[in-house]
Amino acid sequence: MVGDLKTVLITGATDGLGKAAALLLAERGYRVFAAGRSAEKRAQLDAPASERKLLLETLEMDVCDDDSVKNGVAGTIRKAGGLDVLINNAGIIYLATVEDARMEDWRRQFETNFFGVVRVTQAALPHMRERRRGRILMMSSVSGLVTPPTHGPYSSSKHAMEGLSNALRLEMYPFGVEVILIEPGYIVTNLANTAAVLLEPYAEKVAAGPYAKIYAGAFAGSSSARAKSKTTPEDCARVMLRAIEAQRPKPRYGVTPLARLVKWSKRLITDGMMDSILRGRNGIVREGQSVRGF
């Protein structure tokens, strides 16, 4: 650990990447406050933490609720005597074309993935700024770098998080607070199951709407990428640990081989070339044209 960084607050910590990070950090000696909305999932995290005698405590927090966030952050600081690391991990994903996505779903996507991050970060910043130390990890995505078809809502929220982090990294520099982007590619978590549930209202359009072929190609491409992925939530947690403990952390950490490839591709190829690659991978052609091999 760097100095005396000890206390960690993780949002969306009762599942997937957040849960893996909570357990790993607690095993490494950090005092972890694992926040989540579901009482059932919090209990499922409390059980292994208790069995392993880890310094891990779950708490109820809804990142979309002002009072819930204020109480959660203040309670963490009060119990631990300070907050050293904030991991903004809570998120959901809507998969729909720009035309099909309902406005209420666009709003919910941003309320959780972006405004929720702003809400929690604003609650923690005065404490970190006054102490002149701390680290804030922002869980972005490869979708914060490129946008596959049907990922418009989700990818837009992650692009917004990238912009937020870039500004905050500069603003916090005078106060010794590091802001770090974590950018995973495809990792098998419960997020895909949640996305399937949120997709249910769009079932008719997915099957028979004007974008049916777009949905079919995009979902096939995502399924193939997930099936090929060998990166686990625990792998991602180890990258997060490295970012927390690095003497001089990098501004961003790509987690999967895909994320690292996309990061360098963005620097080396044009937008037109990237569009061509994404069209090929997702079977997108103009009507009347056949799919070319890729």
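Cysteine 236 is buried, with a relative accessible area of 0%. The model that shows this is predicted. Cysteine 64 is partly exposed, at 29% relative accessibility. The structure holds zero disulfides.

**Helix H2**

- Helix H2 runs over residues 39–51 and has 13 residues.
- From first C-alpha to last, H2 reaches 18 Å, which is close to the 18 Å expected at 1.5 Å a residue.
- Four residues are named as buried in H2: Arg42, Leu45, Pro48 and Ala49.
- Seen down the helix axis, the buried residues of H2 fall within an arc of 130°, so they line one face of the helix.
- Those buried residues pack against helix H1 (16–27), strand S2 (31–36) and strand S3 (56–60).
- Ala39, Glu40, Ser50 and Glu51 are exposed, and they sit on the face of H2 turned away from its buried side.

- At the N-terminal end, serine 38 caps H2.
- In this cap, a side-chain oxygen of serine 38 lies 3.4 Å from the backbone nitrogen of glutamate 40.
- Just after H2 comes lysine 53, with a positive phi of about 55°.

**Threonine 7**

- Threonine 7 belongs to strand S1, which covers residues 7–10.
- Is threonine 7 buried or exposed? Threonine 7 is buried, and its relative accessible area is 6%.
- Leaving aside neighbours within four places in sequence, threonine 7 is in contact with Arg31, Phe33, Thr76, Ala80, Gly82, Leu83, Asp84 and Val85.

**Nonpolar cores**

- The largest nonpolar core has 35 residues.
- Within this core, Ile10, Leu25, Leu56, Ile87, Leu137 and Ile182 touch the most other members.
- Which elements give two or more residues to this core? They are S1, H1, S2, H2, strand S4 (85–88), strand S5 (134–139), strand S6 (177–183) and helix H9 (233–245).
- H1 gives the most to this core, with eight residues.
- Leucine 56 touches Ala22, Leu23, Ala26, Val32, Ala34, Leu45 and Ala49, not counting residues up to four places away in sequence.
- Two of these partners, Leu45 and Ala49, are among the buried residues of H2.
- A second, separate core has 25 residues, including Leu59, Ile77, Leu125 and Val177.

Definitions and conventions. Residues numbered from 1 in each chain as written. Predicted model: local features only at pLDDT ≥ 70, side-chain atom pairs only at ≥ 80, totals over all residues. Heavy atoms only, no water. Expected span 1.5 Å × (residues − 1). Buried < 20%, exposed > 50% of the residue type's maximum accessible area, 1.4 Å probe, protein only. Arc of directions from axis to C-beta. Contact = heavy atoms within 4.5 Å. Polar contact = N/O pair within 3.5 Å; in protein donor to acceptor, adjacent residues only side chain to side chain. Disulfide = S-S within 2.5 Å. Core = buried A, V, L, I, M, F, W, Y, C linked by side-chain atoms within 4.5 Å.
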